[in-house]
Amino acid sequence: MSEQPFKRVFLIVMDSVGIGAAPDAAEFGDVGSDTLGHIAESMNGIGLPTLEKMGIANIKEVQGLTAVENPKAHYGKMQEASNGKDTMTGHWEIMGLRIDEPFRVFPEGFPDELLTALEQEVGRGFLGNKVASGTEILDELAEEHVNTGKLIVYTSADSVLQIAAHEDVVPIDELYDICEKARKLTLQPEYMIGRVIARPFVGEKGNWKRTPNRHDYALKPFGRTVMNELEDGGFDSIAIGKISDIYDGEGITDTYRTTSNDDGMDKLFESMEKDFTGLSFLNLVDFDALFGHRRDPLGYGQALEEFDIRLKEVLERLQSGDLLIVTADHGNDPVHKGTDHTREYVPLLAYDANQPQAIDLGVRSTFADIGATIAHNFGVKAPGYGTSFLDEIVKNKQ
């Protein structure tokens with residue numbers, strides 16, 4: 001194996017595109033979950049020709065797709081080792097961390113003492129304080145918010161404190177400042193909240209619409225990730241979409257903000273035009289935020305089909321010395337009960353245009369295998385968890 005088989009690694013996380021219930025799904029209330037499978041069934045067959053050729057149906061049977069004899073990508077699936085099924089836990093594990101103590105959730109709403117302290121800090125009262133979807137809470141409370149100036153606070157099955165405000169009532173800068181204050185208050189051990197999220201919106205009664213000005217304020221990773229090692233090793237570590245928020249800017253050398261999945265793909269193409277050495281890391285959040293949480297299998301399926309078209313463009317733009325990895329961070333089965341994430345396997349597809357034949361990477365015991373592979377490729381310190389599959393895919397080229 002050469003010292004550095006790949007000059008650039010492009011990592012795409014299809015946020016929430018799980019591929020079947022994990023063995024421990026019962027512990028999370030997710031028996032029978034299958035995000036991709038149930039979306040395909042709801043559509044009476046899904047059309048994903050690029051993912052199909054890469055080998056997605058070789059991982060698991062999917063209605064409308066066929067397992068191919070010679071997939072373009074190495075294929076497999078990964079089981080989450082950490083104790084959780086949220087965005088931060090999944091992403092942190094991908095980059096080599098294992099989270100055994102889950103972030104706290106607040107199914108009955110946040111403690112009065114927290115909101116009282118926050119109200120004193122920001123000078124505004126609060127509405128809501130319960131578990132709700134982003135669209136439902138606006139239908140219920142946006143008009144009162146506009147009339148009173150009180151902030152809408154809500155949460156979900158994730159460890160998140162979300163603060164929604166109309167951009168004409170609470171200017172963006174003020175909302176961000178409020179969320180920064182909330183982040184500081186929630187760093188206390190008794191709260192242990194993974195993310196505080198600013199949720200600005202616009203519109204009027206009957207037509208409220210969230211804007212792209214969302215901003216996440218996450219905890220810093222509990223340890224060093226592969227991205228820290230890349231940055232310290234002099235390599236590029238490019239964050240696209242909400243990646244910078246998820247890692248609180250740790251181990252990141254450049255950031256591209258995005259407004260949608262489609263914009264995320266455009267920004268990925270921008271990074272592909274750069275002559276860099278290292279990682280370009282993209283999260284596509286619309287799958288999760290717009291369709292999984294809203295339990296919209298048809299919208300989710302259409303978004304996947306649109307992504308598949310753009311993915312074909314990615315394959316066409318890859319250069320010799322590039323590796324593309326496509327995966328997910330958890331499931332969010334849109335036909336499963338509730339509105340939250342589901343504990344599932346996630347797909348693993350690794351594409352190198354110069355590979356003669358793809359191999360089956362099997363069932364990986366942790367998402368951290370991706371981080372371990374990236375660290376191995378660039379010769380930086382390996383994470384404490386995960387097993388590199390670099391030798392397997394490079395040996396296959398020889």
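**Figure 1. Surroundings of histidine 330 in the predicted model.** When neighbours within four places in sequence are left aside, histidine 330 is in contact with Asp15, Ser16, Val17, Gly18, Lys85, Asp86, Thr87, Asp288, His341, Thr342 and Val346. The structure shown here is a predicted model, and this applies to every view that follows. Histidine 330 lies in the loop that runs between β12 (322-327) and β13, and with a relative accessibility of 1% this residue counts as buried, because buried means under 20%.

**Figure 2. Surroundings of aspartate 15.** Aspartate 15 is placed in the loop between β1 (8-14) and α1 (35-42), and its relative accessible area is 0%, so this residue is buried. Apart from neighbours within four places in sequence, the residues in contact with aspartate 15 include Thr87, His91, Lys242, Asn283, Asp288, Tyr300, Asp329 and His330. The side chain of aspartate 15 also makes a polar contact with the side chain of lysine 242, at 3.4 Å.

**Figure 3. The annotated binding site.** Which residues does UniProt list under "binding site"? The unreviewed entry lists Asp15, Asp329 and His330. Although these residues span 316 residues in sequence, no two of their C-alpha atoms are more than 7.2 Å apart, so they gather at one spot. Another UniProt annotation from an unreviewed entry, "domain: Metalloenzyme", covers residues 7-381.

**Figure 4. Strand β2 and its pairing partners.** Strand β2 takes in residues 74-78, and because five of its five residues are buried, the strand is largely enclosed by the rest of the structure. His74, Gly76 and Met78 point one way from β2, whereas Tyr75 and Lys77 point the other way, and all of these residues are buried. With strand β13 (residues 346-351), β2 pairs in the antiparallel sense over five bridges, and here the bridge partner of glycine 76 is leucine 348. With strand β14 (residues 360-364), β2 pairs in the parallel sense over four bridges, and in this case methionine 78 has arginine 364 as its bridge partner.

Figure 5. Leaving aside neighbours within four places in sequence, isoleucine 163 is in contact with several residues, among them Leu118, Leu151, Ile152, Val153, Leu175, Ile178 and Cys179. Phenylalanine 126 is 37 residues away from isoleucine 163 along the chain, and the C-alpha atoms of these two residues are separated by 9.1 Å.

**Figure 6. The whole chain, as a setting for the close-up views.** The protein chain has 14 helices and 14 strands. Its radius of gyration is 21 Å, close to the 21 Å that the globule rule gives for 398 residues, so the chain is as compact as a globular protein of that length. The C-alpha atoms fill a box of roughly 65 × 50 × 40 Å, taken along the principal axes. Of the 398 residues of the protein chain, 60% count as buried. Among contacts with a separation of 6 or more, 68% are between residues 24 or more positions apart.

How values were computed. Residues are numbered from 1 along each chain as its sequence is written. This is a predicted model: local features need pLDDT of at least 70, side-chain atom pairs count only at pLDDT 80 or more; totals for chains, interfaces and linings use all residues. Side-chain values use heavy atoms; hydrogens and water are left out. Buried means under 20% relative accessible area, exposed over 50%, partly exposed in between (1.4 Å probe, protein chains only). Helices (H or I, at least four residues) and strands (E, at least two) are DSSP runs, numbered from the N terminus. Two strands pair if DSSP finds at least two bridges between them. UniProt positions are given in the numbering used here, feature names are shortened, and annotations may be inferred rather than shown by experiment. Contact means heavy atoms within 4.5 Å. A polar contact is a pair of N or O atoms within 3.5 Å; within protein, one must be able to donate a hydrogen and the other to accept it, and residues adjacent in sequence count only if both atoms are side-chain atoms. The radius of gyration is taken over C-alpha atoms; the globule rule is 2.2 Å times the number of residues to the power 0.38.
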